[in-house]
Amino acid sequence: MQLSDGTIVRRVLAGDAEQYRFLVERYRAEFGRYAIATVGDRDAAQDAMQEAFIRAFDALATCREPDRFGAWFFRILTNQCRNVVARRRDTVPVEDLDPPSGERADAALERGELGEALEAALARLTPEQREAFVMKHVDGRSYEEMAELLGVGVDALKMRVHRARDAMRSLMGAVR
Amino acid sequence: MIERDGFSQDAHRYLDGEPYGDLGGAEASAADRLTAQAREFAAGVEPFGADLDAAVMAAVRRRAPARRPGRLEWLLAPRTVNVRPVWVPVLAAAAALVVFLAPHRPAPEAPPVVAARPVTDTVFVHFELAAPRARSVSVAGSFNGWRVGALAMNRGANGVWTATAALPVGEHRYEFVVDGTQWVPDPTAHAVVDDGFGGRNSVIVVGPKGLVRS
């Protein structure tokens with residue numbers, strides 16, 4: 001039987017720090033794809049997720065609803081991913097972050113690399129649009145799940161997703 | 001360069017799995033292409049491996065011993081002994097409690113505890129926290145291994161939680177734990193110290209003559 005998040009959190013807070021591994025395994029798998037898709041670089045995403053887990057451990061006593069650790073952690077992860085993206089924009093040459101030129105994107109499509117074209121277009125969205133699009137179409141979550149994780153209403157999330165799709169269609173349509 | 005407008009509302013409904021109206025072939029094709037691209041992207045993402053777990057847990061182990069201050073820290077700390085008037089009745093009650101409990105202790109071969117014997121190594125300390133909406137409150141500190149629930153407090157009718165503990169002479173750090181998870185410093189503590197993790201530990205100093213500063 002799998003321990004609940006609340007049970008694990010309480011055990012960790014009571015001094016059994018090794019139990020934290022169960023939360024790391026659980027949410028590394030649950031949110032890993034989200035981190036990679038929103039950050040746009042696997043190594044940077046792993047750094048962001050690692051830092052998020054450590055920050056969550058440090059602040060675990062402030063987790064008001066241990067049974068909803070996942071949603072609490074997700075918000076820490078989201079902030080961490082945003083920080084990493086902002087830092088990368090400050091340090092990585094723009095041409096490495098922005099979507100490829102029309103020629104490069106065309107070439108990617110010719111090779112059937114639809115995923116690469118999408119990844120490149122994702123980098124052009126606002127952080128909120130990118131997060132919403134990834135949760136909806138890459139992770140395949142329902143709006144209700146997204147609302148639970150982000151603490152944002154369903155209608156607002158639909159708006160973000162719709163705007164993200166519109167932007168994605170424009171960005172990807174421009175290279176077809 | 002952006003050359004096209006976005007999707008129609010019907011296309012968004014289609015993509016959201018909701019009932020939709022008239023959807024032209026080109027728009028349906030664009031919507032399907034977008035979801036196919038998202039699926040392909042998702043399939044191509046290699047999940048993080050156990051190396052991430054190992055890195056996190058290594059950091060956790062480095063921090064875990066320092067998460068709460070060391071249990072022997074007070075042995076090395078300089079001690080100051082003062083007394084606040086609020087503790088005088090508590091100490092008197094503690095001495096009375098020692099006398100009251102002595103005959104019931106299951107150790108007949110041990111020397112009996114007598115009221116005249118000065119309390120030089122242990123002092124009864126009374127903890128109190130007003131938390132009318134709490135479901136449970138306990139005291140976790142350096143004197144009980146920071147174990148949540150090791151010293152449970154009793155709720156009074158006015159929502160004030162109380163507990164009494166025999167503390168050895170020395171400096172101790174503690175926090176109240178509300179509902180098993182929320183760590184709260186003692187609002188009446190004489191001193192608080194940073195626990196190194198964004199929290200604040202309350203400090204209590206128990207002197208060799210039964211004097212207490214909190």
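In which sense, left-handed or right-handed, does helix 2 of chain A pass helix 8 of chain A? The crossing is right-handed, a term used when the near helix is turned clockwise from the far one by less than a right angle, with anticlockwise giving left-handed. The structure is a predicted model, in which local features need pLDDT of at least 70, side-chain atom pairs count only at pLDDT 80 or more, and totals for chains, interfaces and linings use all residues. Residues are numbered from 1 along each chain as its sequence is written, while chains are lettered from A and ligands numbered from 1 in the order in which they are written.

Chain A holds 10 helices and 0 strands; helices (H or I, at least four residues) and strands (E, at least two) are DSSP runs, numbered from the N terminus. Of its 176 residues, 47% count as buried, that is, with 20 or more other C-beta atoms within 10 Å of their own, against 12 or fewer for exposed and partly exposed in between, the C-beta atoms being placed from the backbone. Contacts are pairs of residues whose C-beta atoms, placed from the backbone, lie within 7 Å. Among contacts in chain A between residues at least 6 apart in sequence, 66% join residues at least 24 apart.

To return to the opening pair, the axes of helix 2 (residues 20–39) and helix 8 (residues 127–138) of chain A come within 10 Å and cross at roughly 135 degrees. Here axes are lines fitted to C-alpha atoms, for helices over the stretch in contact, and angles run from 0 to 180 degrees between N-to-C directions. That angle makes helix 2 of chain A oblique to helix 8 of chain A, since angles under 35 degrees count as roughly parallel, over 145 as roughly antiparallel, 65 to 115 as roughly perpendicular and the rest as oblique. From helix 2 of chain A, R33(A), Y34(A), A37(A) and T38(A) meet R130(A), E131(A), V134(A), M135(A) and V138(A) of helix 8 of chain A. These residues divide into 5 nonpolar, 1 polar and 3 charged, where Ala, Val, Leu, Ile, Met, Phe, Trp, Tyr, Cys and Pro count as nonpolar, Asp, Glu, Lys and Arg as charged, and the others, Gly among them, as polar.

Elsewhere in chain A, the buried residues of helix 1 (residues 5–13) include I8(A), V9(A) and L13(A). Just after helix 1 of chain A, G15(A) takes a positive phi of about 120 degrees. L171(A), in helix 10 (residues 154–173) of chain A, counts as buried because 23 C-beta neighbours lie inside 10 Å.

Chain B brings strands into view. An open sheet of 3 strands in chain B has the order 1-5-4 with antiparallel pairing, pairing being assigned if DSSP finds at least two bridges between two strands. Strand 1 (122–130) and strand 4 (154–155) of chain B stand at the edges, each with a single partner strand, so one side of each has no neighbour in the sheet. Strand 9 (residues 200–206) of chain B has 6 of its 7 residues buried. Strand 6 (residues 170–178) of chain B joins strand 9 of chain B through 5 bridges, running antiparallel, and H172(B) stands opposite I204(B) there.

The two chains also meet, with 42 residues from chain B and 44 residues from chain A in the contact. On the chain B side, the residues divide into 24 nonpolar, 11 polar and 7 charged.
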